[in-house]
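Please look through the structure shown here before reading on. The paragraphs that follow are meant to be read beside it.

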Amino acid sequence: MKPNELSTPYYIVYEDKLRRNLELITSVSRQSGAKIIMAFKANALWRTFEIIKEYCRNCTASSVNELRLGKECLGGEIHTYSPAYTDSNIDEYLSLSTHITFNSLSQWKRFGAKAVEAGVSAGLRVNPKCSVIDTDLYNPAKPGSRFGVSAEELSEGLPQGIEGLHFHALCESSSYDLEKVLAAFESKFGYLLANLKWVNFGGGHLMTREGYDTDHLIKVIRDFRSRYPHLEVIMEPGSAFTWQTGDLVSSVVDVVEDDGIPTAILDVSFACHMPDTLEMPYLPAVEESVAEELSNGKAWRLGGNSCLSGDFKGDYFFAKAPQAGDIITLKDMNHYTTVKTTMFNGIPHPDIVLCRSNGECEILRHFDYNDYKNRMS
Ligand SMILES: Cc1ncc(COP(=O)(O)O)c(C=O)c1O
């Protein structure tokens, strides 16, 4: 089937673009000596793992669902991190993970011994408290963050059994941001590194974005490795793997105008199918739009086909007024977008329960791993 034979709406992933990213990531890994693993949370389209596997089999998982998918479809090391494990899921986490990171000392105290006994390499997430992200929603290092142990909490050193430290403070960031965070990490936690086996630099390294200084990244990693030659450096980017590898293709289904503002209504929804555009928020690029000076100056909104009043984005400019049947291509809608329209992070979906008037409860629906897996492909 050729693209022009497909019916909208559809997400489309381009193999050649994916391979380009994978080649770049592999080359950075080779030149820097860092182990670069894929963070599942940004891409769980497991049918694409056949391609990804050729370059990278190791991943990071943040839920039992992601863990199972990683085991089934990638088959390499699985580095697990979740803000909190529970009595009911820790055994499953440990049975599938090669590495596990604990978010707090209380989690370590509760489950650390089990991890050591299971032979899973255990780490602790620390918070370098160095903010380089402007958008609070994506800033794990902002004051009051629930992520990671602070330097003050470790004043008595690391508990026996911890083999690695993990920090994650970046999002769509540059190598220069990493350099800043790494300096903060070393100044706060460097004295703890002597007896460890690994350090995980987390995600957010957008090395496949145009203009990213990969030479500088390689230098930052190599310099770190020369200061701590005994440590394995792990990085777990998500977005970088699938950055600019796919689009969401839609059609205009109607055109309306109010108060002089025209809206082209699409057969997709920003709220349902591109939630980051409203959460972040950001204005997604649209292939068919043009710069204002190339249009008649009329600003358009693109509207989602949901009932949410705020389900629209704009302003866009077009060389020719959009009309029903026109194609609208929303660019770069693979990383995070496809997972956010399913079960983000593989977090188990709540049951749906009907409580009858007599107080009896009936579970109408329970969602399991197959629901998670089968909502994607
Ligand atoms: C702990 C952790 N690791 C890795 C990632 C992947 O980050 P990115 O997709 O920005 O590279 C995230 C994203 O939220 C994360 O929370």
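The text below goes from the domains to the sheet, then to a pair of helices, the ligand and some features of the backbone.

This is a predicted model, in which local features need pLDDT of at least 70 and side-chain atom pairs count only at pLDDT 80 or more, while totals for chains, interfaces and linings use all residues. Residues are numbered from 1 along each chain as its sequence is written.

The protein chain is divided into domain 1, residues 14-242, and domain 2, residues 247-330; such bounds come from an automatic or database domain assignment. The C-alpha centres of domain 1 and domain 2 are 36 Å apart.

Helices and strands are named here as DSSP runs, numbered from the N terminus (helices are H or I with at least four residues, strands are E with at least two). Nine strands form an open sheet with parallel pairing, in the order β2-β10-β9-β8-β7-β6-β5-β4-β3. The edges are β2 (35-36) and β3 (38-39), each of which has a single partner strand, so one side of each is left without a neighbour in the sheet. Two strands count as paired if DSSP finds at least two bridges between them. Strand β2 runs parallel to β10 (residues 232-235) and is joined to β10 by two bridges; K35 stands opposite I234 in β10.

Two packed helices are described by the angle between their axes and the distance between the axes. Helix α1 (residues 15-32) and helix α7 (residues 214-227) pack at about 35 degrees, with axes 9 Å apart. Axes are lines fitted to C-alpha atoms, for helices over the stretch in contact, and angles run from 0 to 180 degrees between N-to-C directions. In this contact, V28, Q31 and S32 of α1 meet T214, L217, I218, I221 and R222 of α7, where contact means that C-beta atoms, placed from the backbone, lie within 7 Å.

Which residues are closest to the ligand? They are A39, G203, P237, G238 and S239, in a surrounding set of 15 residues; a residue is near a molecule if its C-beta atom, placed from the backbone, lies within 6 Å of it.

Some backbone features remain. A cis peptide bond, with omega about -5 degrees, joins T8 and P9, and P9 is in the segment before β1 (10-13). The bond from M280 to P281 is also cis, with omega near -20 degrees; P281 lies in the loop between α10 (276-279) and β13 (300-303). Q244, a residue other than glycine, has a positive phi near 55 degrees and is found in the loop between α8 (239-242) and β11 (246-258).

Definitions and conventions
Contact = placed C-beta atoms within 7 Å.
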